[in-house]
Amino acid sequence: MIPLSVPQIEGNEWQYVKDCLDTGWISSAGEYVNRFEKLVAEYCGAKYGVACSNGTVGIHIALHLLGVGREDYVIAPDITFIATLNAISYTGAQPILIDVDPRNWQMDLNLLEKFLVEKCDLQLINDRTICVLKEDGKRIAAIVPVHVLGNCGDLNRLTNLAKRFHLEIVEDATESLGTTFNGNHTGNFGKLGVFSFNGNKIISTGGGGVIVTNDEALAKRAKHLTTQAKNDPMEYYHDEIGYNYRLVNILAAIGVAQMEKFPEFLERKKETDAFYRKQLVGVGDIEFQAIDENVNPNCWLFTFKTAKMRELLKYLNANGVQSRPFWVPMHQLPMFQNVLFYSEKQISNTIYESCISIPSSSGITPEERQEVVTKIKAFYAQN
Ligand SMILES: *Cc1c(COP(=O)(O)O)cnc(C)c1O
């Protein structure tokens, strides 16, 4: 079976993990954690990085840091992996879902603007302007854009909208390490951004995440909150409810080795993407995800649209090519069926019903890529 997206271990992972084991530094303190944070932050041009046990808790902490809580709404796209909505829910806030753009499958910014203009108001409370939902007067605290599949939308327009409506941005950049918009790395467009190093991501620590920010105070608090909010090196004095969300040194060691290889992995992802686009253009009814001009995506996971998605999915998985459907739209899940879903054309349903992801590991060989294409062509020859 040619796997969908698996980690690639080919660098100093063994050596660095052995170093942790040999020295006993296997837990939540250690040099590799600091090095990993620094490597990720430096790579994407952010001032600070705070490692955490996974991307989901990273998003939770980022929202918590901005004061998002039970009385708030948080805006998110209807097409995302469940982790985004889970993290929002952990804060007690309620999500508001915005339908996605049929071209690039990211949050539809025309719809977002329309929603903010028509359904929301600005209010001055205690000298602070906040955005509220007209219907119930509850605050909308933040937007969590998700850079779906390592692509992204018009982040200039998004940041301008957020400014205009006094909304904070936390980027769910979990899939997008290496992606740039107008030459700037994702993760830098909001107050905080979060990367994931889960097993299927472009590089992996097994499980892990890094919160990036350019705000020193937020970085310090992120570290504080992810380490049980202990504020004295000796005394067990904790000054608020904290979390045990720290990445352990042994996993950070893997992360350091993975970061050393990251430029190569990124190149290979791009090669695979270019190959699939060249080979699959015009095959059956295949339609690709659109990439806007000012976006340079990391090409994390190749996904395309076809009306025959279900049949193709079955065919490929039965023929040695691991493939996966796209996420069920958030508004269809039982937990979110009653939340506000802002949509005109139910694009997320169409995308869900027609998108399929195919093998895109950074370790995929040219022969394997060719086999994937051959199988897809064979399917359309018969269907
Ligand atoms: C992977 C992913 C996450 C969460 O990352 P974990 O590290 O697995 O917790 C969040 N959002 C999206 C869109 C993801 O793909």
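Because the model is predicted, local features are reported only at a pLDDT of at least 70 and side-chain atom pairs only at pLDDT 80 or more, whereas totals for chains, interfaces and linings use all residues. Residues are numbered from 1 along each chain as its sequence is written, and side-chain values rest on heavy atoms, with hydrogens and water left out.

The chain contains 11 helices and 17 strands, where helices (H or I, at least four residues) and strands (E, at least two) are DSSP runs numbered from the N terminus. Its radius of gyration, taken over C-alpha atoms, is 21 Å, which agrees with the value near 21 Å for a compact globule of 383 residues; the globule rule is 2.2 Å times the number of residues to the power 0.38. The C-alpha trace spans about 65 × 60 × 35 Å along its principal axes. Of the 383 residues, 55% are buried, a term that denotes under 20% relative accessible area, with exposed meaning over 50% and partly exposed lying in between (1.4 Å probe, protein chains only). Among the contacts (heavy atoms within 4.5 Å) with a separation of 6 or more, 71% join residues 24 or more positions apart. The chain exposes about 16400 Å², of which carbon and sulfur atoms supply 50%; accessible areas come from the Shrake-Rupley method with a 1.4 Å probe, and for residues only the protein chains shown count as cover.

The ligand is surrounded by 15 residues, of which Gly-55, Thr-56, Glu-175, Ser-196 and Lys-201 are the closest; a residue is taken as near the ligand if one of its heavy atoms lies within 4 Å of it. The shell divides into three nonpolar, nine polar and three charged residues, with Ala, Val, Leu, Ile, Met, Phe, Trp, Tyr, Cys and Pro counted as nonpolar, Asp, Glu, Lys and Arg as charged, and the others, Gly among them, as polar. A polar contact is a pair of N or O atoms within 3.5 Å; within protein, one atom must be able to donate a hydrogen and the other to accept it, and residues adjacent in sequence count only if both atoms are side-chain atoms. Nitrogen atoms of the ligand lie 2.8 Å from a polar side-chain atom of Asp-172 and 3.1 Å from a polar side-chain atom of Thr-174, while an oxygen atom of the ligand is 3.4 Å from a side-chain N or O atom of Asn-54. On its own the ligand has 380 Å² of accessible area, and the protein covers 93% of it. Helix H3 (55-65) and helix H4 (82-90) are the elements that give two or more residues to this shell.

Thr-179 is placed in the loop between strand S7 (168-172) and strand S8 (180-181), and counts as buried because its relative accessibility is 0%. Its side chain reaches the backbone nitrogen of Asn-298 at 3.1 Å, and, with residues up to four places away in sequence not counted, Thr-179 touches residues including Gly-150, Cys-152, His-185, Val-295 and Pro-297. Asn-182, in the loop between S8 and strand S9 (184-185), is partly exposed at 43% relative accessibility, and its phi is near 50°, a positive value in a residue other than glycine. Leu-149, likewise not a glycine, has a positive phi of about 65°; Leu-149 lies in the loop between strand S6 (139-143) and helix H6 (155-164) and is buried, with a relative accessible area of 4%.

Met-107, in the loop between strand S3 (94-98) and helix H5 (109-119), is buried with a relative accessible area of 7%. Although Met-107 and Asp-78 are 29 residues apart in sequence, their C-alpha atoms are 7.5 Å apart. Beyond its neighbours within four places in sequence, Met-107 is in contact with residues including Ile-75, Pro-77, Ile-98, Leu-112 and Ile-143.

In helix H10 (residues 347-354), six of the eight residues are buried, namely Ile-347, Ser-348, Asn-349, Ile-351, Tyr-352 and Ser-354. The cover over these buried residues includes strand S14 (303-305), helix H9 (309-318), strand S16 (341-342) and strand S17 (355-357). Arg-369, in helix H11 (residues 366-382), counts as buried at 9% relative accessibility, and its side chain makes a polar contact of 3.0 Å with the side chain of Thr-272.
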